[in-house]
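Please report on the fold of this protein chain, its cores, its surface and its salt bridges.

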Amino acid sequence: MLKRAFIPLALVVLVGCTTKSVVPPKPSLVDGNGLPPTAVINHLSQRIVTELVKQNDALRSDQPIVVATPVLVGDLKGTNALAQQLQQGLITSLHSFQFNVVDLNLADGLSVTPDGDFILTRDWQRLSTNLPVDHIVVSTMSPTTNGMAINTRIVTLSNNRVVSASQTFVTQKELSNYMQPSEQVISQDGILYRQSSPGMNEVRVLGDGK
């Protein structure tokens, strides 16, 4: 009798152990919403905004602020795909710190078209001219042989005073989906230059048409 009672009990124990060992798979992305490159941009933006908050000496969280598109430090007009994505990341990060962020690209009216309903625009003639904003986030980007140096600051529009500043550097390997090492043969001002090996010039930002 004891032998017969022991066998079913042993089966129950074994089944229980087998069931307990089944663990659901963990998601591949533990942080960030979307693709891995976007998550890296989010981390970079968070790093910049954290430093801006730390260095801030005047801006209150209830004061409206806008974020300009980062530009290349060489001419202060050129930009690229990385800069445009970083702008979106900075907006998200500032909002996460509960700053009063204003969207510059919101048109003064909704456009209803056969392709969809749109309100974001880059047409300055459709933008609102009555934005009560006195602070702006500006950033400059300096490409190097192995990455990008980014300088960001919050400026008061009424007197150009810098109320906070941040300096950071992101390597090409960290943002390999946005930056690639320079080619061995590059073109500058219509002249081809051949280096002894790839990666000796400034990194190339993907999607900027250059």
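Helices (H or I, at least four residues) and strands (E, at least two) are DSSP runs, numbered from the N terminus. This is a predicted model, in which local features need pLDDT of at least 70 and side-chain atom pairs count only at pLDDT 80 or more, while totals for chains, interfaces and linings use all residues. Residues are numbered from 1 along each chain as its sequence is written, and side-chain values use heavy atoms, with hydrogens and water left out.

**Overview**

The protein chain has 3 helices and 12 strands. Its accessible surface comes to about 13,900 Å². Carbon and sulfur atoms hold 57% of that surface. Accessible areas come from the Shrake-Rupley method with a 1.4 Å probe; for residues, only the protein chains shown count as cover.

Of the 210 residues in the protein chain, 30% are buried. Buried means under 20% relative accessible area, exposed means over 50%, and partly exposed lies in between (1.4 Å probe, protein chains only). Contact means heavy atoms within 4.5 Å. Among contacts with a separation of 6 or more, 55% join residues 24 or more positions apart.

**The loop around Q63**

Q63 sits in the loop between α2 and β1. Is Q63 buried or exposed? Q63 counts as buried, because its relative accessible area is 19%. Leaving out residues up to four places away in sequence, Q63 touches A58, N100 and H135. The Q63 side chain also reaches the backbone nitrogen of R60 at 2.8 Å.

**Salt bridges**

How many salt bridges does the structure hold? There are 2. A salt bridge is a side-chain nitrogen of Lys or Arg within 4 Å of a carboxyl oxygen of Asp or Glu. R161 pairs with D57, with the closest N and O atoms 3.1 Å apart. R161 lies in strand β8 and D57 in the loop between α2 and β1, so this pair ties together parts that are 104 residues apart in sequence. R60 and D62 form a salt bridge through their side chains, at 3.1 Å from N to O.

The table lists the accessibility of some of these residues.

| Residue | Relative accessibility | Class |
|---|---|---|
| R161 | 38% | partly exposed |
| D62 | 48% | partly exposed |
| R60 | 47% | partly exposed |

**Nonpolar cores**

A nonpolar core is a set of buried Ala, Val, Leu, Ile, Met, Phe, Trp, Tyr and Cys residues joined through side-chain atoms within 4.5 Å. The largest one has 27 residues. Which residues have the most contacts inside it? They are L82, M148, I150, L175 and M179. Elements that each supply at least two residues of this core include α2 (36-55), α3 (81-96), β6 (135-143) and β7 (147-156). A second, separate core has 6 residues, among them V66, A68, V102 and V133.

T140 lies in strand β6. At 8% relative accessibility, T140 is buried. Not counting residues up to four places away in sequence, T140 touches V71, V73, L76, A149, I150, N151 and R153. The C-alpha atoms of T140 and P70 are separated by 5.5 Å, although the two residues are 70 apart along the chain.

L76, one of the residues that T140 touches, is in the loop between β2 (71-72) and α3. L76 is exposed, at 53% relative accessibility. Its phi is near 60°, a positive value in a residue other than glycine. Q98 also has a positive phi, near 65°, and is not glycine. Q98 is found in the loop between α3 and β3 (100-101). Q98 is exposed, with a relative accessible area of 64%.

**Nonpolar surface patch**

Patches are made of residues with over 30% relative accessible area and no salt bridge: like charges are joined within 9 Å, nonpolar side chains (Val, Leu, Ile, Met, Phe, Trp, Tyr) within 5 Å. L106, L110, V112, I119 and L120 form a nonpolar patch with about 480 Å² of accessible area together. β4 (106-113) and β5 (116-120) are the elements that give two or more residues to this patch. Which element gives the most? β4 does, with 3 residues. L120 belongs to strand β5 and is exposed, at 58% relative accessible area.

Definitions and conventions:
Polar contact = N/O pair within 3.5 Å; in protein donor to acceptor, adjacent residues only side chain to side chain.
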